[in-house]
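Hi,

Here is the structure I promised to pass on. Have a look at it first, and then read on for what turned up.

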Amino acid sequence: MSVSRIPTRQRIVNTALELFASKGITETTTRQIADFAQVNEVTLFRHFGNKHGLLLAVLQECLQKYLVLAQVGESLMVSDISSQSDLRRFLKYYIQSSLRALESVPELVRSLVGEAGQYPAESRQALAQGINQVNQTIATAINDVLANSRLQYTLPPIKLANLLNTCILGYAVITLTSDVHTIWRDRDDFVNTLVDMFVQEVSQLTPAHPIIDIPAETVREILLQAKKCGAKDYAIAYLLFGAGLTAIDITRLRVKDYQIQANHGILRTKDVADQVRSVPVNQKILGHRYGSATNNPLSAYLKSRRQEIKERYKGDQKEDAQTLDHREAMFLSGDLQPLSLEEIEQMWTSWTQTYCNLDGSSLAIAQARYTWCIEMLARGMDADSFCIISGIKPKELKAYQTRLNEKLAIDKAIALDS
């Protein structure tokens, strides 16, 4: 871009940054900056007041560029974080990137350190605010990394970010103002030591919801109990165990979300973020077949649903728009209103009240989804395909695979007695 097309203020800031970085702040005069920027010195003063005002603008520009770098870097890295080793990789990436950024402007850093006592209070406060903004960004990244890795730290993320950036800046200052080799062997020695210090203090979080699936014989009995309660109960139980839907997923279903494709039932569901996924409805659940694509617990319910609505509104030609909307919901309560989450949970309790987990606790409705997930993996579905149809994130997959391995190990041990 030609000089004439860059706005005057930005051109002055760019020029000042180049001169400060190459010659230092003390050695650079406002006259030199104005000459190189091809503006009158009066124009410089009109925009920035004095040299300190211009320096503040330059520092804000540097911090903003650094902030963008940090945000881009953490967005590229955090999504892949799922373990303590990945946390180490993230920290090394950030520390090395930060040092490279600081070492690219050595004279500017030296001048900032040497002349800091001469800056007016407002400049020092503004600089501190800019650094704090960078710390806040990195604190958010650290918090995401710890959450994704299911790790915890004794200090809050903002204090970790403050400490991390203080160490980075301190090393850069030592490197640019003294013989750093008398303290650290080389940069890698410093980076690895700093990373070790942070990583060794983290610990693994215990799962908030352990993966506990339901035995096949109990699932069969639950489905029989649901069948005794009626077509609607049976259809909902069928979707819990045959499609891995959550109770909330079921409340969001519409009649049009169920389609037959290639002789198999397919459901379209939406999560809280309106992300759509397609889920096949299994005709076999833990080795037992429950009909076909066109004749199963769900298709039987939909047939009875149509008949119920037809009987309820027989002869009534004045159905209002609200009634028509309600009829689009797949599952309806007795008054033809969309079935609520509480009603589904009450159904679950009625089917499972005589069963419990090994520790004596009641069966939770979430365990139906856990059971479906374990079955899909046990039947040989690859991890990528499983994550697509289940909506489970790759970082959450390990818990399900661990539970499956436990079951397989038990089965092998039992087989030894055969």
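Let's start with a question: which residues in helix 16 meet which residues in helix 18? On the helix 16 side they are Y370, C373, I374, L377 and A378, and on the helix 18 side L397, Y400, Q401, R403, L404 and K407. Contact here means heavy atoms within 4.5 Å.

Before going further, some ground rules. This is a predicted model, where local features need pLDDT of at least 70 and side-chain atom pairs count only at pLDDT 80 or more, while totals for chains, interfaces and linings use all residues. Residues are numbered from 1 along each chain as its sequence is written, and side-chain values use heavy atoms, with hydrogens and water left out. Helices (H or I, at least four residues) and strands (E, at least two) are DSSP runs, numbered from the N terminus.

**Helix pairs**

Axes are lines fitted to C-alpha atoms, for helices over the stretch in contact, and angles run from 0 to 180 degrees between N-to-C directions.

Now for helix 10 (residues 216-229) and helix 11 (residues 231-242): they pack at an angle of about 155 degrees, with axes 7 Å apart. That is why helix 10 and helix 11 are roughly antiparallel to each other. Helix 10 brings V219, I222, L223, A226, K227 and C229 to the contact, and helix 11 brings D233, Y234, A237, Y238 and F241. By class, that gives nine nonpolar, no polar and two charged residues.

Two strands pair if DSSP finds at least two bridges between them. Strand 3 (residues 258-261) is joined to strand 4 (residues 264-270) by four bridges; Y258 stands opposite L267, and I260 has G265 as its bridge partner. These two strands form a hairpin with two residues between them, and A262 in the turn has a positive phi of about 50 degrees. Five bridges join strand 4 to strand 5, with K270 opposite V276 and T269 partnered with R277.

**A cavity**

Finally, the second largest cavity has a volume of about 50 Å³. A cavity is a set of points on a 1 Å grid over the protein atoms alone where a 1.4 Å probe fits but cannot get out, and lining residues have an atom within 4 Å of a point. Grid points are joined across faces, edges and corners, and the volume is the space filled by probe spheres set on the points. L87, L91, I142, L146, Y153, L160, F198 and V202 line this cavity, giving eight nonpolar, no polar and no charged residues.

Cheers

Notes
1 Å grid on protein atoms, 1.4 Å probe; cavity = no way out; pocket = protein on both sides within 12 Å on 5 of 7 lines; lining within 4 Å. Nonpolar A, V, L, I, M, F, W, Y, C, P; charged D, E, K, R; others polar. Parallel < 35°, antiparallel > 145°, perpendicular 65-115°, else oblique.
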